[in-house]
Amino acid sequence: MAFDKAKAHLEKFGLGDRVKEFPVSSATVELAAQAVGCEPAHIAKTLSFMVDGHPVLIVAAGDAKVDNHKYKEFFHTKAKMLSPQEAEELVGHAVGGVCPFGVNNGVKVYLDESLKRFDVVYPACGSANSAVRLAIPELEESSGYEAWVDVCKGWEELPD
């Protein structure tokens, strides 16, 4: 059901035909990258948090990790991820398929700066075996995001 809701949301933007369902799991960044056929960094993972009693989604690059200090600076609270049960109930998607499309009313979406270095990213589409190929402007439009934020780390570091 969450998959259908997310896909229907993307169809409103003419992007429904881009949604791919896989015969394998894409529930983690690594599995999604294998299913899509891209580098893990290009997977746009959606992380769910509770801020002031309301669910918040942060869409970040697959190689980014939440920086607790930056998170607290922006949201003025400690980073507290939703439990799998809370994510499904409050956001409308189960962990492994959480995405910014077709979410419950009142869920705010933020896009992390870690995504801006790519032309195209691959967020999930409401299920643990789906993804959609989106250019950054398409992600901006279809996600209904509140703002770009800089709350992650690890993605700027170059390997030795």
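**A loop residue, then the fold and its pocket**

Start with His-76, found in the loop between helix 3 and helix 4. Helices here are DSSP runs of H or I with at least four residues, strands are E runs of at least two, and both are numbered from the N terminus. A word on the source: this is a predicted model, where local features need pLDDT of at least 70, side-chain atom pairs count only at pLDDT 80 or more, and totals for chains, interfaces and linings use all residues. Residues are numbered from 1 along each chain as its sequence is written, and side-chain values use heavy atoms, without hydrogens or water.

Back to His-76. Its phi is positive, about 60°, although His-76 is not a glycine. Most residues other than glycine have a negative phi. His-76 is exposed, at 66% relative accessible area. The cut-offs: buried is under 20%, exposed is over 50%, partly exposed is in between, with a 1.4 Å probe and protein chains only.

Asp-52 also has a positive phi, near 50°. Asp-52 sits in the loop between strand 2 and strand 3 (54-61). Its relative accessible area is 64%, so Asp-52 counts as exposed.

Now Ser-83, in the loop between helix 3 (68-75) and helix 4 (84-91). Ser-83 is partly exposed, at 23%. From Ser-83 to Val-51 is 32 residues along the chain, and their C-alpha atoms are 14 Å apart.

Next, the whole protein. What does the secondary structure come to? Five helices and 10 strands. Of the 160 residues, 49% count as buried. The radius of gyration, taken over C-alpha atoms, is compared with a globule rule of 2.2 Å times the number of residues to the power 0.38. For 160 residues a compact globule would have a value near 15 Å; the protein has 14 Å, which agrees. Contact means heavy atoms within 4.5 Å. Among contacts between residues at least 6 apart in sequence, 65% join residues at least 24 apart.

Last, the largest pocket. A pocket is an open set of points on a 1 Å grid over the protein atoms alone, where a 1.4 Å probe fits, with protein on both sides within 12 Å along at least five of seven lines; lining residues have an atom within 4 Å of a point. How many residues line the largest pocket? The count is 25, and Ala-27, Lys-45, Thr-46, Leu-47 and Gly-96 lie nearest the centre. Strand 2 gives the largest share of the lining, six residues. Helix 2 (29-36), strand 2 (43-51), strand 6 (120-123) and strand 7 (130-132) each supply at least two.
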